Amino acid sequence: MSDTATGPMTGPMTLRQLLVTLALDFKIFEDPKSEARHLLFDAMDMDLSELLLRGDDQVPPEDFARVQRWKAERLKGIPLAYISGKKGFYKTEFIVRPGVLVPRPETELVVEMALARMNEAKSVADFGCGSGCIGLSLLQELPAAKLVSVDLSAVACEVTLANARNMDLAARTEVMNASVEEFAGDQSRVDEGFHLVVANPPYIAPGDTNVQKSVHDYEPHAALYAADEGLAALRSWTGVAMKVLKPRGVFVTEIGAGQSAAVQEIIREAGFQDIQVSRDLNNIERVISAMKPG
Ligand SMILES: C[S@@+](CC[C@H](N)C(=O)[O-])C[C@H]1O[C@@H](n2cnc3c(N)ncnc32)[C@H](O)[C@@H]1O
């Protein structure tokens with residue numbers, strides 16, 4: 001009789017067997033197989049091609065123990081990126097830890113839109129930088145650019161700096177632990193002027209019942225929620241972007257589902273022109289960009 005028929009396997013097993021038992025343990029999640037794959041790949045630093053090649057290899061005891069520890073944490077609802085300490089975004093694996101938002105795939109659209117509109121930007125400001133994922137991904141593509149990353153969370157600033165060092169971009173990155181509003185209160189920033197301002201503000205309305213429990217329980221609320229139906233930061237940051245951009249500079253921001261019309265109105269009222277909207281893979285209007293008049 002096989003181990004699986006008598007109860008949970010605890011002894012040596014192959015990678016493929018471990019993946020199957022993980023998926024069974026993860027049946028509380030919407031997509032147990034994908035949860036299992038992601039955890040196994042992160043815990044063992046491998047990818048699908050390696051699994052296909054080495055699927056019948058025995059799992060070394062230390063790897064097996066790590067997978068069991070991580071599984072127990074994941075079953076509590078802790079996001080995998082906080083357990084593994086990393087998350088892939090655009091072209092890089094970013095350091096992540098509790099206290100910063102886990103970078104989301106749809107946010108890569110902010111990077112793409114910014115590059116499509118301003119591929120020769122020399123000065124970039126990243127409002128609410130979190131892990132630093134948007135600004136640092138841009139800096140990697142813009143070799144002549146300098147970046148100022150702003151966040152009111154000290155943890156976010158530490159993580160952005162760690163990522164900048166990891167990516168060899170620290171010499172071109174300034175990290176400022178302040179609110180976006182304080183940043184714009186410094187006249188030298190306004191005089192300096194930026195070609196590009198990118199942002200992913202908190203945009204969820206407090207009390208929104210669509211937010212996943214693990215997101216609400218574990219991710220920083222300052223990164224998620226904003227007053228005024230989720231529009232408060234978007235409104236304020238649009239005004240700041242208008243103030244610190246150079247003439248013909250471009251503002252690119254992520255928005256929440258269903259906010260496109262309201263945000264376009266805010267951006268138009270602030271004086272921006274040439275407003276463009278991009279949809280994410282779920283066909284949701286997700287990113288808005290606009291130009292400051294020349
Ligand atoms: C949605 S998260 C975005 C993080 C990162 N840019 C990303 O896309 O993964 C918003 C970030 O804005 C920061 N934040 C919220 N209000 C702020 C404010 N008034 N000034 C500066 N940062 C703020 C939060 O600490 C959080 O890191």
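User: In this predicted model, why is D45 called exposed?

Analyst: D45 has a relative accessibility of 60%. Exposed means over 50%, so D45 counts as exposed.

User: What makes K86 buried?

Analyst: The relative accessible area of K86 is 17%. The cut-off for buried is under 20%, therefore K86 is placed in that class.

User: How do you know that K86 forms a salt bridge with D45?

Analyst: The closest N and O atoms of K86 and D45 are 3.6 Å apart. A salt bridge requires a Lys or Arg side-chain nitrogen within 4 Å of an Asp or Glu carboxyl oxygen, so the pair qualifies.

User: Why is this pair said to tie together parts that are 41 residues apart in sequence?

Analyst: K86 belongs to strand β1 (residues 86–89), while D45 sits in the loop between α3 (32–44) and α4 (48–54), so the contact links parts 41 residues apart in sequence.

User: What makes E265 and R268 a salt bridge, and where do they lie?

Analyst: Their N to O distance is 3.4 Å, and the limit is within 4 Å, so the contact counts. Both residues lie in helix α15 (residues 260–269), 3 residues apart, about one turn of the helix.

User: Why is E265 called partly exposed?

Analyst: E265 has 38% relative accessibility. Buried is under 20% and exposed is over 50%, so E265 falls in between. R268, with 45%, is also partly exposed.

User: How do you know that E285 and R279 meet in a salt bridge?

Analyst: The N to O distance for E285 and R279 is 3.2 Å, and the cut-off is within 4 Å, so the pair passes.

How values were computed:
Residues are numbered from 1 along each chain as its sequence is written. This is a predicted model: local features need pLDDT of at least 70, side-chain atom pairs count only at pLDDT 80 or more; totals for chains, interfaces and linings use all residues. Side-chain values use heavy atoms; hydrogens and water are left out. Helices (H or I, at least four residues) and strands (E, at least two) are DSSP runs, numbered from the N terminus. Buried means under 20% relative accessible area, exposed over 50%, partly exposed in between (1.4 Å probe, protein chains only).
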